[in-house]
Amino acid sequence: MVRRLRPVERDFTETAPVRLVFARAVTSSPEAVYRALAEDVEGWPEWFSAVSSAHPSDDGSGRRIRLRGGTRFEETILAAEPHEVYAYRVDVTNAPGVRALVEEWRLTPDGPSGTRVQWTVAADGTAAFRLMTKVSRAGLGRTFRDAVRKLDRRIGSPHAR
């Protein structure tokens, strides 16, 4: 069943009942990482293994994402600050139990040419959804680390740190 979620804003990343934050340093520049995140939406499946398809929508102000396993998201981009932040809110999904969801990718320079990539997943939902999201922390962390490593390789760096 497809359902519309609560329309939260970017500050939800600070106040959500469930907040998962992951970070990793890569050798690629903030500019290159930002381009891959925000400007090459259709390239996400090549480096983020959980994503099976990704397409910009609404003249670039949104995204349509499909995950492996069939979960679908229609998203609104909340922040696209070049080389610093890319954030989006899920507006419509077929995922059970979720009521609100925002993801934020924050980029900060790391060393002379690298980037610290921080991914925050902010969510609210039923008690069962909140529990499953918290229990999934380790798996999401591995998925994030693998994705960022592949992204770093994809955009031209020999390896992620």
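Predicted model: local features only at pLDDT ≥ 70, side-chain atom pairs only at ≥ 80, totals over all residues.

Residues are numbered from 1 along each chain as its sequence is written, and side-chain values use heavy atoms, with hydrogens and water left out.

**Stop 1: the whole chain.** Show it as a cartoon and you'll find five helices and eight strands; helices (H or I, at least four residues) and strands (E, at least two) are DSSP runs, numbered from the N terminus. Follow the chain from the N terminus and the elements go β-α-β-α-α-β-β-β-β-β-β-α-α. The radius of gyration is 15 Å, close to the 15 Å of the globule rule for 161 residues, so the chain is as compact as a globular protein of that length. (That radius is taken over C-alpha atoms, and the rule is 2.2 Å times the number of residues to the power 0.38.) Switch to the C-alpha trace: along its principal axes it spans about 45 × 35 × 30 Å.

Stop 2: Of the 161 residues, 45% count as buried. Buried means under 20% relative accessible area, exposed over 50%, and partly exposed in between (1.4 Å probe, protein chains only).

**Stop 3: the salt bridges.** How many salt bridges does the count come to? Eleven, taking a salt bridge as a side-chain nitrogen of Lys or Arg within 4 Å of a carboxyl oxygen of Asp or Glu.

Select glutamate 9 and arginine 89 next: they form a salt bridge, with the closest N and O atoms 3.3 Å apart. Glutamate 9 sits in the loop between β1 (3-4) and α1 (12-15) and arginine 89 in strand β6 (residues 85-93), so the pair ties together parts that are 80 residues apart in sequence. Glutamate 9 is partly exposed at 46% relative accessibility, whereas arginine 89 is buried at 10%.

Now jump to helix α5 (residues 137-154), where aspartate 146 and arginine 149 lie three residues apart, about one turn of the helix. Their closest N and O atoms are 3.0 Å apart, in another salt bridge. Aspartate 146 is partly exposed at 35%, and arginine 149 is partly exposed at 25%.

Then pick arginine 130 and aspartate 124, a salt bridge at 3.9 Å between the closest N and O atoms. Here arginine 130 is partly exposed at 28%, while aspartate 124 is buried at 11%.

**Last stop.** Select Arg10, Glu81, Glu104 and Arg106 together: salt bridges link them in a network.
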